[in-house]
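The entries follow in the order I made them.

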Amino acid sequence: MIADKTKSFKDSLIYEISMGIYGEGTKLPGERKLSEKYRVSRTTARQALQDIEEEGIIRRKARSGAFVSEDARSLIEARENGGVMSVSFVMPAMQISNPLIQTVFTNFKQYADRHVASNVSFQDVLATDMFDGTGTDVAVFYANHDYGQLQKLKRKVKHLILLNVENEDFDYIAPDNYAGGRIMAQYVHECGHRVVGCPRFKMESELSDFAQRYLGMRDYCEAAGISLSTSLMDPAQRLDIIAACRPAVEELLGRAPTARALLCLSDFVAMGVYEILQQRKLRVGEDISVTGFDDQYYAQFTTPALTTVKYPAEAMGIKLAGAINGIFRGEKEAIQSKIMPLLIKRHSVKGVSIP
């Protein structure tokens, strides 16, 4: 019975807001007056107001009361039309603990419309047969570069957005990894380095984030006359980063002994490089400079703190929320956004004099 009274009061108040009896931006009567008007208890009125606030139709201020939201009528209209848009995030299981992705999600949830309902699916292989799109308004796929697969996915859902992948044939939101690679190379160039090395894994696709970072670095070095040496790491050793780094670092130092900067395509690789250099009694930031990419949480706690390029996770989450809010409002503009990463200068790069 209490639930019925709460629903009846809630529906009546929402109806009066929709009819303009309580205009957008205006203050509602207090709980006591509302309970008297609708002949319900103050407890029922309080619960109903809380429910309406959660839908965004009203907002309450401490010691000031409840106010009708500026977009209340559009929210009520969306509510009456079914009003909930479903968003499915699909990504590899290996990303489940990635703090950068957690930051993207946190900012997305903070800025997404209240009527956007999301769920996450972690899959080791992003096969089209594993995702049918039923009941999904927007599918957000992380780090899938298979063009044919993406074309099939695009036909399965109303809207497909790629996250962390740049592809002009699809909607996407991604860091400008190419620009990030250039930023990294430009900084060590400005610090006086003319011979640099890059330990890296073999890239399967030029569209991948690591490939784009490397290409930006390579192109800057070529244009600036910097000698860039690379050495490939064994992908089978990807999880044992020290074992993966050791042969590559040894090869780079042996091939170009005058190299005094190692540019890494991720902070994780940079940590492996740190360990190898320390074992060789080489001081990072003194004997040799090291850069990373991503600005993972541990980058600032190393000794010395790692100079790195910051993955724009916060901006990507906000941008994604804005794009999906636009779809919810019926906007049909293409969503193709590259977000510029930032250089975080710390203590692992030392300026050198030019002979």
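**Entry: Arg42 and Glu31.** I started with Arg42, which forms a salt bridge with Glu31; the closest N and O atoms are 4.0 Å apart. I then placed both ends in the chain. Arg42 sits in helix 3, residues 42-54, and Glu31 in helix 2, residues 31-38. The two are eleven residues apart, and the pair links distant parts of the chain. I noted that the model is a predicted one.

Next I checked accessibility. Is Glu31 buried or exposed? Glu31 has a relative accessibility of 19% and counts as buried, because the cut-off for buried is under 20%. Arg42 comes out partly exposed, at 42% relative accessible area.

**Entry: Arg46 and Glu31.** I looked for another partner of Glu31. Arg46 and Glu31 meet through their side chains in a salt bridge, 3.1 Å from N to O. Arg46 lies in helix 3 and Glu31 in helix 2, so this pair ties together parts 15 residues apart in sequence. Arg46 is partly exposed, with a relative accessible area of 38%.

**Entry: Lys310 and Asp295.** I moved on along the chain. The side chains of Lys310 and Asp295 form a salt bridge at 3.9 Å, N to O. Lys310 belongs to strand 12 (residues 307-310), while Asp295 is in the loop between strand 11 (289-294) and strand 12, so parts 15 residues apart in sequence are tied together. Lys310 is partly exposed at 25% relative accessible area. Asp295, at 15% relative accessibility, counts as buried.

**Entry: the tally.** How many salt bridges are there? I got a count of 15 salt bridges.

Entry: I then searched for cavities. The count is one cavity of 30 Å³ or more. The largest cavity holds about 70 Å³ of space.

I listed its lining. Asn164, Val165, Glu166, Ala174, Pro175, Asp176, Asn177, Tyr178, Leu207, Ser208, Asp209 and Gln212 line the largest cavity. Sorted by class, the lining has five nonpolar, four polar and three charged residues.

Which elements supply at least two residues of this lining? I noted strand 7 (171-175), helix 7 (177-190) and helix 8 (209-224), each of which supplies at least two.

How values were computed. Residues are numbered from 1 along each chain as its sequence is written. This is a predicted model: local features need pLDDT of at least 70, side-chain atom pairs count only at pLDDT 80 or more; totals for chains, interfaces and linings use all residues. Side-chain values use heavy atoms; hydrogens and water are left out. On a 1 Å grid over the protein atoms alone, a cavity is a set of points where a 1.4 Å probe fits but cannot get out, and a pocket is an open set with protein on both sides within 12 Å along at least five of seven lines; lining residues have an atom within 4 Å of a point. Grid points are joined across faces, edges and corners, and a volume is the space filled by probe spheres set on the points. Helices (H or I, at least four residues) and strands (E, at least two) are DSSP runs, numbered from the N terminus. Ala, Val, Leu, Ile, Met, Phe, Trp, Tyr, Cys and Pro count as nonpolar, Asp, Glu, Lys and Arg as charged, and the others, Gly among them, as polar. Buried means under 20% relative accessible area, exposed over 50%, partly exposed in between (1.4 Å probe, protein chains only).
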